[in-house]
Amino acid sequence: MEQGDPDHKRRTKTLIGNLKSILGEKYSDFKAESIRFQHGETSANEYLKTARTLLIADDVLREMALLLPHTEKRSELLKFMDLGIEASKPSQQILRCPPSDGVKRSDTKSTHQSGSLRYRPSAGEEPTLHCSAQQKPAHQRGPLRYEASAEEVPTLDCSAQQVRGRSTHLPTASNSAAPSAHFAAPRKKARVQVLQPGLVLLKGALDIATQIYLVQEAFRLGDGSNESGGGFYSEENPEERATPCFKLNMGSRGRLIDTIQSFPDRFREICLECLQQGMAADENLTEMDPTTLLLNFYKENAEFKWHKDSEDPELVRQRLGKTIVSFTVGLSANFGYKMSFESEEHGTVRLDSGDVLLFGGPSRMIVHSVLRVIPKTMPPQLRGKMRTGRLNVTFRDVGCGSIDVTQFPRYRVSYDTETG
Ligand SMILES: O=C(O)CCC(=O)C(=O)O
Ligand SMILES: [Fe+2]
């Protein structure tokens, strides 16, 4: 692709538009840095650092590198991204989930070893919201700053191929006992970000196979079309219409709350693996062993209002409790959090597919909200494997409490204090 050809022009225009929407006023600073790099006045490393500090996602960076007009500078930057990108990332604890079936395997080849030049690293690997915050240790930071613009981070290849209008159910796992084939691939690298004491993000902790497994099981168990009802969605075909209608039980969101026993054991295992990783990174996180599981499935642009997960009155009083573990699969979302309803400021973290968020200890009672499910952020590997939307799987340990189904869709737990 040469400079001046229509495709180059179109992509450059789109990229500039995207950068402007991501960076706002800072676009001109970034442009100046880009010119400096192209004139040899700054190194590829410095240039990438600046881009990361401005919260530009890796896929956007790569597109930017590919569109550079000077071949030499283009290869310099691309080479640096492929060979040295890890070095330019802020140093963080890098954790890898153990293989889920207990069998040790060698890691997959990294991008540069496999020889392929990926345009778009999968969403879970991308740093989005962390860069500006790295300058200080997490516990000294206030809410993250550039969140509003991060919402705009575009993906560059999200056209077409969506699952809309399917006339059949999405594929389901044939065996709820989690056949090991689902987990043949090693887990992806998870980068751990301690957002504040007790609030931990495992970036990209769930590999694609695990994400597909989770979504298939969620849709298998959450299907309310059958007689038993009670699922988070239904796929009716009223009067045998050609087009089935996919309905979520809460409008733009589907919700299901059930005991952990209603799900394959593998769900609990994955949750506990993530908890271990989180606890290794932040001692504020408390032990938990999930007793209940909650599925939320959001359509594009859907939201979830500000609330606390405060089912246990005693917990609310003491402001502590068992850690909550929360998975994201599918579309990305901006997740808002603050310490009290009254607080005017809040932090925002972007949750991409494969990310796991844990909140416990001093953050157990955070007031939180799904501010927006961001369209066009579906990882390509999930297209055709799940409906366009965001699946959230939340694990909670409510001890001896049991879910009060009469309160649905609220998550209420009754604690039978009577003995004998
Ligand atoms: O979807 C999410 O990430 C959060 C869901 C949630 O906060 C809840 O169900 O209580
Ligand atoms: Fe919640």
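**Notebook: ligand 1 and the annotated site**

I began with the shell around ligand 1 and sorted it by class: four nonpolar, five polar and one charged residues. The model is a predicted one, and I read every entry below with that in mind.

Next I listed the shell by name. Ligand 1 is surrounded by L294, N296, F304, D309, S326, F335, H368, V370, N392 and T394. Then I asked which strands each supply at least two residues of this shell. They are β7 (292-298), β13 (367-374) and β14 (390-396).

**Annotated positions**

I looked up the UniProt record. Its entry is unreviewed, and it places the feature "binding site" at H307, D309 and H368. These positions are spread over 62 residues of sequence, yet they cluster in space, with a largest C-alpha distance of 8.5 Å. I checked the record against my shell list. D309 and H368 are among the residues that surround ligand 1.

**H307**

I placed H307 in strand β8, which covers residues 304-307. Is H307 buried or exposed? I counted 12 C-beta neighbours inside 10 Å, so H307 counts as exposed. The cut-off for exposed is 12 or fewer. I then took its contacts, leaving aside neighbours within four places in sequence. H307 is in contact with V367 and H368. H368 is itself one of the annotated positions.

**D309**

I found D309 in the loop between β8 and α10, the latter spanning 313-318. Here I counted 21 other C-beta atoms within 10 Å, so D309 is buried. The cut-off for buried is 20 or more. Not counting residues up to four places away in sequence, D309 touches I324 and R396.

**Core**

I moved on to the nonpolar residues. The largest nonpolar core has 65 residues. Which residues have the most contacts inside it? They are V200, C274, V356 and L358. L358 touches V200, C274, L275, G278, L285, T323, I324 and V325. As general background, nonpolar side chains tend to be buried together in soluble globular proteins.

**Whole chain**

The secondary structure comes to 10 helices and 16 strands. The chain has 420 residues, and buried residues make up 41% of them. For contacts with a separation of 6 or more, I noted that residues 24 or more positions apart account for 77%.

Key. Residues are numbered from 1 along each chain as its sequence is written. Chains are lettered from A and ligands numbered from 1 in the order in which they are written. This is a predicted model: local features need pLDDT of at least 70, side-chain atom pairs count only at pLDDT 80 or more; totals for chains, interfaces and linings use all residues. UniProt positions are given in the numbering used here, feature names are shortened, and annotations may be inferred rather than shown by experiment. Helices (H or I, at least four residues) and strands (E, at least two) are DSSP runs, numbered from the N terminus. Two residues are in contact if their C-beta atoms, placed from the backbone, lie within 7 Å. A nonpolar core is a set of buried Ala, Val, Leu, Ile, Met, Phe, Trp, Tyr and Cys residues joined through C-beta atoms within 7 Å. A residue is near a molecule or strand if its C-beta atom, placed from the backbone, lies within 6 Å of it. Ala, Val, Leu, Ile, Met, Phe, Trp, Tyr, Cys and Pro count as nonpolar, Asp, Glu, Lys and Arg as charged, and the others, Gly among them, as polar.
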